[in-house]
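Open your viewer, get the selection tool ready, and follow along stop by stop. Each stop tells you what to pick and what you will find there.

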Amino acid sequence: MAYHKVNADQRAQGHSPYLDNDDLQATALELEWDMEKELEEPGFDHFRLDGAVQHHLGNSQSPDLDLEPIQPSASPKGRFQRLQEDPDYISHYTRQAPKNNRCNFFQILKVFCTALIVFIFGIVIGYYSGKKCPSPPASPEPNNPHTYLEILKEIKAENIQQIYRDLLQFSREDDVDTAMKILVQWTSYGLEDVQLVNYSVLLDLPGSSSNTITLKNSGECFYPDGQQCNRGTKTLHSQDLLNSYAAYSAKGTLEAELVDIQYGTIEDLIRIQAITNVTKKIALLKLGQSPLLYKLSLLEDAGFGGVLLYVDPCDLPKTTDLADKAFMVSLNSGGDPSTPGYASIDGSYRQHRLNLTTLLVQPISAVLAKKLISVPENSVRKDRCVPLQLPSTEKKIISLNIQSVTTYRTISNVIGYLKGTVFPDRYVLIGSHHSSLNTSSGQEWASSTAIITAFIQALMLKVKRGWRPDRTIVFCSWGGTSFGNIGSYEWAEDLKRVLQRNVVAYVSLHNPVRGNSTLHPIASPSLQQLTAESQSFNCVEKTKCPGSNVSSVQIQGDSDYFINHLGVPAMQFSYEDINKSENSSFLSEALFPVHATKTEELDPSFKLHETIAKLTGQVTLQIANEPVLPFNALDIALEVQNSLKVFIGDKVDASQLLAVASQLRDTAELFQSDEMRPANDPKERAPIRVRMLNDVLQSLEKSFLVQQAPPGLYRIWILTFMDISKTFFQTHIHKVKVREIATRSKIFYSLISSRKTS
């Protein structure tokens, strides 16, 4: 190998144009190396440098460059390859990539583009195939009655009976323990979201000894059921004696004259006050005709000091035998008395009220009432019933002793949710109640809880197979019902804003089997048609299914807050032994002791329980699943018009109100035909239109809520009409509330009119 060094001086002398290129000059300088160093590398001893030394020695003085060609190298490593392996070498060339590397790059790029195209194509195919094959809906047959039948056929009398007997095993336990066992039972059937909600509330409990009534004329002392105080036979049903009291009554002793005021109507009070001064006297009052709290408010305003309550045997069905039994009543209009109008939660201000009235109130049996008014035994006729009445010429002085204990206790509600799929923010509530601190209601609560539990059991069997309701169903077991619906009031007050917006209906199971002769449905006006249609669904005997005989009287129990404060339509089915007398209304305010043996005597096969469970389940499923709420606006308008015609008549100052009612009916008829019918047609049904229509239907009865109502009466005045006498209306409602009634009717009219025009 022969290399020739070209230094800077030699380049200047020769001055070749080829070497004027700057890059070549720089390269030439960089390519100078020490040949001796290369010759010292291992493996190069056998290479020969031809004439290298001679050339260096013989031509060192020659000014001319010897441009002898460089001989090809025999080294296994080329010249530039060795240079590139030198760590100190920095190339100034921008050389083109080898051909084989360029081919590899294009192959990688081709593979990448192909994979990207396949990936995008796969996404497009997946998207359109997903649209063509949607997932099956959670509720495959939401409007098919066959779905309801599959659920309801799982409700069987023997299951309800077994649940009932299981509940009685812990009927004497604390309220919280009872509620916890109900929660465990509901959860075991598959109900996913079940909660225990506790509230600390003020309760008025019976004292350690029974209250007494002493007849001063003879010196005889009686217990509330008519037994004499000096007898040693108080052990029989002694707990019933303790529970024969009026919760939240005034405490103490009062000795005064007994005044018979019959049912305590305004006519009765006017008649009595024209005869005698009633201040601080004791009234002998019959239950019935109008709410107890309303009558007590009238007696308190009149100046009475005490009240003895009883139920006239003539107002009771012939099949019942309650003449020798006292009962319990609550003077609480609703909720915890220590937190009126707001929930009893941590941090709430408490008002420690020992009583809710200035009257000393004591319930007594009809047997004791007869003894107080000295009714002879031979005066009772078998062919007809003679109402009890104290002779006006006879004067009775009695001493009334009442004691009770006011204390804070914990009550519990059990709340279970079955979430809907289409309208999960709309709730259908179904409520029962459970044992509450050994009160006079006895085992009556077990029927209510057994029915709702059996319905949950049947419903969850369908849910496990993939079915879901369209609207959310909320199952409620309330505590503290016998003290004034405390559990339901506190829960609803705690969640008032949410419930006011989202609850569409309340289905009640309050005391479902009180007799065995007549099926007695009660419903708000907007639910009357649905309730009537559901009666023929399942009947034990055809004679017990009276067609469309649906009442609009007040529903007793825990539906009270939802009706009176939230304007929610409500309904319930129950079996009762009904007396057709108008005086028999509101007798259910008296809580007579009901024992397990009595319930099984009324319904030994539990077929009546099964009927109530299926009817209640049918209505609940329809409200929860129908795309358009099954409410009837026309029934409300007819109720308004008919009630006003009956109670107002042809009064001149009511002509404007009657005109509004007539206009309301016409608009409701158009609303039913122009809005409801198309919305119920699947071909014309639009989701947004259905949602707007349901919001209107949900708010129908809210339009008739008045700001204030007499104690014990509904705040929805169209329901109040069904429960009051014409005289009461003319003396109270007509004089005070006519303007507000007209306003509420106009609100209802504008509500459905705006929906119709939209």
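Let's begin with the sulfur atoms: a search of the whole structure turns up 2 disulfides. Keep in mind as you go that this is a predicted model.

**Stop one: the cysteines**

Select Cys221 and Cys229 and show their side chains. These two form a disulfide, with 2.0 Å between their sulfur atoms. Turn the view to look along the bond: the torsion about the S-S bond of Cys221 and Cys229 is about -60 degrees, so this disulfide is left-handed. Now colour the pair by accessibility. Cys221 counts as partly exposed at 24% relative accessibility, whereas Cys229, at 19%, counts as buried.

Next, pick Cys314 and Cys385, which are joined by a disulfide with an S to S distance of 1.7 Å. The link of Cys314 and Cys385 is left-handed, with -90 degrees about the S-S bond. Which parts of the chain does this pair tie together? Cys314 sits in the loop between S7 and S8, and Cys385 in the loop between helix H13 (366-373) and strand S10 (397-402), so the parts tied together are 71 residues apart in sequence. Cys314 is buried, at 17% relative accessibility, while Cys385 is partly exposed, with a relative accessible area of 41%.

Cys113 is partly exposed, its relative accessible area being 36%. Cys476 is buried, with a relative accessible area of 0%.

**Stop two: the aromatic rings**

Switch to Phe, Tyr and Trp side chains. The count comes to 8 aromatic pairs. Zoom in on one of them, Phe327 with Phe592: this pair is tilted, 5.1 Å centre to centre with 55 degrees between the planes. Phe327 belongs to the loop between strand S7 (306-310) and strand S8 (329-330), and Phe592 to the loop between strand S16 (570-576) and H19, so the pair ties together parts 265 residues apart in sequence. Both Phe327 and Phe592 are buried.

Now move to Trp478 and Trp491. Their ring centres are 5.5 Å apart and their planes stand at 55 degrees, so this pair is tilted. Trp478 is in strand S13 (residues 471-478) and Trp491 in helix H15 (residues 486-494), 13 residues apart. Are these two buried or exposed? Trp478 is buried, and Trp491 is buried too.

**Stop three: two packed helices**

Go back to the cartoon view and select helix H7 (residues 145-152) together with helix H20 (residues 607-625). They pack at an angle of about 140 degrees, and their axes are 10 Å apart. That angle makes H7 oblique to H20. H7 passes H20 in a right-handed crossing. To see the contact, show Tyr148, Ile151 and Leu152 on H7, then Lys614, Gly617, Gln618, Leu621, Gln622 and Asn625 on H20.

**Last stop: Lys598**

Finish by selecting Lys598, which is found in helix H19 (residues 596-602). Lys598 is partly exposed, with a relative accessible area of 39%.

Note on methods:
Residues are numbered from 1 along each chain as its sequence is written. This is a predicted model: local features need pLDDT of at least 70, side-chain atom pairs count only at pLDDT 80 or more; totals for chains, interfaces and linings use all residues. Side-chain values use heavy atoms; hydrogens and water are left out. Helices (H or I, at least four residues) and strands (E, at least two) are DSSP runs, numbered from the N terminus. Buried means under 20% relative accessible area, exposed over 50%, partly exposed in between (1.4 Å probe, protein chains only). Rings of Phe, Tyr and Trp (its six-membered ring) pair if their centres lie within 6.5 Å; planes under 30 degrees apart count as stacked, over 60 as edge-to-face and the rest as tilted. A disulfide is a pair of cysteine sulfur atoms within 2.5 Å. Axes are lines fitted to C-alpha atoms, for helices over the stretch in contact, and angles run from 0 to 180 degrees between N-to-C directions. Angles under 35 degrees count as roughly parallel, over 145 as roughly antiparallel, 65 to 115 as roughly perpendicular and the rest as oblique. A crossing is left-handed if the near helix is turned anticlockwise from the far one by less than a right angle, and right-handed if clockwise. Contact means heavy atoms within 4.5 Å.
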